[in-house]
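Trainee: Please pick a single part of this model and look at it closely. Then carry on from there, in one piece, to whatever else deserves a comment.

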Amino acid sequence: MAKQFLKGNEAVVKGAILAGCRAYYGYPITPASEIAHAAALYMPICGGTFIQAESEVAAINMVYGAASAGERVMTASSGPGISLKQEGISYCAGSELPCVIVDIVRGGPGLGNIAPEQSDYNQVVKGGGHGNYKVIVLAPNSVQEMCDLGMLAFDLADKYRNPVYVLTDGFIGQMMEPVEFPEPIEKIPEKSWAVKGTDETSDNLITSIELDPDDLERHNQKLQQKYAIVKEQEQRAEEYRTDDAEIILIGYGIVSRILQTVVDKLREEGVKVGMLRPITLFPFPTKSMTELAKSAKFFLTVEMSNGQLVDDVRLIIEGKIPVYLYNRMGGNVPSIKEIHDEVMKLMRLS
Amino acid sequence: MNNILKKSSSFYDVYERRPGADKLTTTYCPGCGHGVLHKLIAEALDDFGVREKTIFISPVGCSVFAYYYFHTGNVQVAHGRAPAVATGIKRAHPHSVVISYQGDGDLAAIGTAEIMHAANRGEGITVFFVNNAIYGMTGGQMAPTTLIGQKTMTTPRGRTVKNEGFPICMSEIIATLKAPVFVERVMIGDTKSTMHTRQTVRKALKLQIEKNAFTFIEVLAACPSNMKMTPSRSRQWVKEVLADNFPLGVKKDISEEFEPKDLSRMVVKNSELHDTLKLETAKVDSEKIAPYQEKMINEEIKVAGFGGQGVLSLGTVLSEMGMRHNYEVSWLPSYGPEMRGGTANCSVKISKKKIGSPLVANPTVLIAMNRPSLDKFEHDVISGGLIIYDDSLIDRKPTRDDVDIIAIPATKLADELGNTKAANMVIVGALIEYKDLMSQEVVLESLGDVLKRKNLIELNQKAIIRGAEFIKNLKK
Ligand SMILES: Cc1ncc(C[n+]2csc(CCOP(=O)(O)OP(=O)(O)O)c2C)c(N)n1
Ligand code: SF4
C-alpha cells in the first residue's frame, strides 16, 4: 500500500495534470482555494498555465477560450463562485466545449458559510445556467476518488464534448487520505474541431448562437440525443451491502461515508440495510435505483441540502415505495447516531 | 460594403454561415463602422500572411456574426468576456494571432473587469474596441460612451451627468496601466482618418505578431441606423461630434523599447511528471511494522488546541505514520472561521478497517493542548477512552472518571528541548508509546519524509523520544 497522503483539493489537481490538463483558471474561495494553490504550484512547472482570474466570470471564460483551443482545462470554485460561472458554463455546453469544473460546496444561500453543504446540487446537476443543457456530474467521496474521478472527468468531457463537474463538499476537499496516483495518460485525444491557429483549423468555429429557430431546435435536439447516450452509458453508482437489504440509504459525497458506517452499525444490530451511493449525479443512477426499489421496503435519502437529492430519487421511484428524507443544512453534517435513530424510527412506522 | 469585404482572402468569398438566401452581403447596415474596420483588419491579416494563425473572437453586439466573414479560426463568446476568452486561447497557442473585437457595451460596460485585467496582465492579444456611442444590436440603448445630451432609447431626454455620469474614456484608462504597449484612439470618419486607422490597425497587429504585445485600438465609428442618420451624415457626426468628445491620438506607445514577450511554456516529459508532481510514495518497512499487523487498531482521535500549537500537524504526523503501518487513515481539519478564532482541531482516524466518516464526533482519544479544548471536547470522549492533556498549560484536571487520563507537561518538556513548538511531537511520542500504536523506530525514521520544516527534524525526533520516555516512567 505505497501511497501518498494528501488533501482532496490537492489530489484533484495532481490527477488533472496526470490526465493531461495543462491550464487552470480560477478565483479563490474557501473551501476550494487549495485547488488554486496546488494548480499555481504545479501547472507552470508541468508545462501548463495558471492564472488567478479577476472573477469567476472571467475564469470560466478563460476556460472557454482554452477549451476552444483544444486544451484540457479546469477551474474550481464553491457556491457563490459557481453561481457566477453559470453563464459561461451554459456557453460551454452550447458550444460543446469539454472542460472540468470542480465545485467544493459550502453553506448557502448568499454568503452562507464555509462549512460543507450539498446545496449546489440543483444549480450543478440541473444545469444551473440558461438553456436546455446538461452537464455530467461526478461525485467523489474520498481523496482517492478526487484523483480518479477527476481524471475520468477529462475523459468524459472530451468523449462527449461537454462540461463535466466534479461535485463534492468541503469535507472531501479539505480532508487528507492516502492516494495512489496512476501513470500519466499518453496523449489527449485529437480535437480536430478546435481552433489552434493553424491552416487546418482556420475553418473551425466555436459558437453557441443559432439565429434560425429551426437550426437552434436541431442543435438542441442533437444535444438531447447526446445526453440520452450519456444517461444510457455513463451511470455509475456504488452499492454497499445491498444484497438482501430491505432498507436502502441513499447519499453521495461525505454523506455516503457516514452512511457506510451507519449500515455497518445497523447490520451488527441485525437490520437488513444497505447503501446506494450515486457516483454520477447526472446521469442519475436510475438503473440501480429502480432495481433496488423492487426488493426494498423503503428508501431513506440523506443529504446536506433541502431535499434537492430526494426530489430526484422520488422522480425515479414514482411512489412505488416510500422515499424518506433526512437532511441537515447550514454546514451541519448528519451524525451516525442521528441517521441510525432515523432509520429505527422509520422502521417502527413502516 | 459587400464588395469591399470580398476583396481580402482573409474573408470568405461566400458567407455560407449566414442563414437565409443572401450569402453575399454582410449583416451590417450601410455606413456601419464595423464593416469598414473588418476590412482593414482582414487586409492586414492578408498582408502579414497570418490568416491561418489568426483566431478571431466575435463578441455579443452587432459584430456577433463576424465569423460569417472572417476566414480564420473563429470563436463566438459571451457578452463582455472576449478578453478573458482571448487569454485562454493565447495561452494555449502562443504562436496564434488573437483578436478580441468588441463594442462599447461589451467592453466598456458589462466587460470592464475583463478588459482591465487582460490589459493589466499584458496579454499578447490585439483589442479592437468599436465605440459608436450606442448599443447597436439591442436597438439603440445608452452605451457607457453615449455623449451628454445624446438621446437614446434609455436616455429619451438625453444623457445627463446627474443620472448617468460622464461618457467613459477607455483608451485613457487603459493607457494608465503599465503593461499595454500601444493604445490609440482612431476613427472611421472621412477617407483620411480611415486611412490613418488602417495604419494603426496594422501597427497593432504587427506588434502582436512580432512581440506578443498587448495593444488596444479604440475606433470611433458610426451606427447610422440607431443614430437615425444617413451614412454620410453619421460619419460627419463621428468626425465632428464624437471625436470632439473622445480626443483622437496615441495614448500610449512603448512599442520601440518593448522586448518581445516569450509566451512559450515549459516542456515537461510525461516521464518526468511523477517527479515534478512530487508523487513519491511513502516507504513501508514491512519487517519493522510486522508486529503491528495483527493488532485490531481502531482509533478515533480528536486533536485540539490553539492555532500555532501544531495541532493540525500533530494530526497529519499521526496519520502519515499510521499509513506507514498499513493502517487505514484519514485526517480532517476544522477550517475557516473556526481557525481564525485562534483555536484549531482535527479529526484523525487510524484503523485496520476501511474508514467511513472522517469526522470524529466521539473520540477514543482526545488530545487537548489548551483549556478551551478540554472544556469543549472532554464530554465527547467515549467511555473507556483516553484523554491526553498538556498540564503545563491547562489548569484543571478532567472530571471524567470513566476514561484513562494522561497529564503530560508537553510544552514544558518541549521548552526543555529548546523549542516550545515541539510540544505536539512530545504528545505524538506519548500516545504511540501508551497505546503501542506504532513502531517508534519507523516513526523516527520517517519523520524527515513527513515534516515540511527539514531543519526541525532532529528536534522533533527528540521530542517524540521524550514523550515516550515520559510514558515509560509513568508505567514504571
Ligand atoms: C449577459 C447579456 N446581457 C445582455 C445581452 C443583450 N445585448 C446584446 S448586444 C448588447 C449591446 C451591444 O452593444 P455594443 O457592445 O455597443 O455593440 P454594438 O451592437 O453597438 O456593436 C446587449 C446589451 C446579452 N446578449 N447578454
Ligand atoms: S445597428 Fe448600428 S452598429 Fe449595428 S450594424 Fe447597424 S449600423 Fe452597425
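**A loop residue and beyond**

Mentor: His325(B) sits in the loop that joins helix H14 (311-323) to strand S11 (328-333) of chain B. Helices (H or I, at least four residues) and strands (E, at least two) are DSSP runs, numbered from the N terminus. The model is predicted, so local features need pLDDT of at least 70 and side-chain atom pairs count only at pLDDT 80 or more, while totals for chains, interfaces and linings use all residues. Residues are numbered from 1 along each chain as its sequence is written, chains are lettered from A and ligands numbered from 1 in the order in which they are written, and side-chain values use heavy atoms, with hydrogens and water left out.

His325(B) counts as buried because its relative accessibility is 0%. The cut-offs are under 20% relative accessible area for buried, over 50% for exposed, and partly exposed in between (1.4 Å probe, protein chains only). Apart from neighbours within four places in sequence, His325(B) is in contact with Ile289(B), Tyr292(B), Gln293(B), Met438(B), Ser439(B), Val442(B) and Val443(B). Contact means heavy atoms within 4.5 Å.

Chain B is assigned domain 1 (33-253) and domain 2 (284-475), with bounds from an automatic or database domain assignment. Taken over C-alpha atoms, the centres of these two domains of chain B are 62 Å apart.

Now the ligands. The shell around ligand 1 holds 17 residues, the closest being His34(B), Cys62(B), Asp104(B), Asp106(B) and Gly136(B). A residue belongs there if one of its heavy atoms lies within 4 Å of the ligand. The site is shared between chains, because residues from chains A and B surround ligand 1. By class the shell has six nonpolar, eight polar and three charged residues; Ala, Val, Leu, Ile, Met, Phe, Trp, Tyr, Cys and Pro count as nonpolar, Asp, Glu, Lys and Arg as charged, and the others, Gly among them, as polar.

Oxygen atoms of ligand 1 come to 2.9 Å from a polar backbone atom of Gly105(B), to 2.8 Å from one of Asp106(B), and to 3.2 Å from a backbone N or O atom of Ile134(B). Of the 590 Å² of accessible area that ligand 1 has on its own, the protein covers 76% (Shrake-Rupley method, 1.4 Å probe; for residues, only the protein chains shown count as cover). H5(B) gives the most, with four residues.

Ligand 2 is surrounded by residues including Tyr28(B), Cys29(B), Cys32(B), His34(B) and Cys62(B). Helix H10 (residues 224-227) of chain B contributes the most to this shell, with three residues. The shell around ligand 2 has six nonpolar, four polar and no charged residues.

In chain A, Thr207(A) lies in the loop between strand S10 (205-206) and helix H8 (213-233), and counts as buried because its relative accessibility is 17%. Not counting residues up to four places away in sequence, Thr207(A) touches Tyr64(A), Gly94(A), Ser95(A), Tyr67(B) and Gln76(B). Leu315(A), in helix H11 (residues 308-317) of chain A, counts as exposed because its relative accessibility is 61%. Leu315(A) lies 65 residues from Ile250(A) in sequence and 14 Å from it in space, C-alpha to C-alpha.

Conventions:
Polar contact = N/O pair within 3.5 Å; in protein donor to acceptor, adjacent residues only side chain to side chain.
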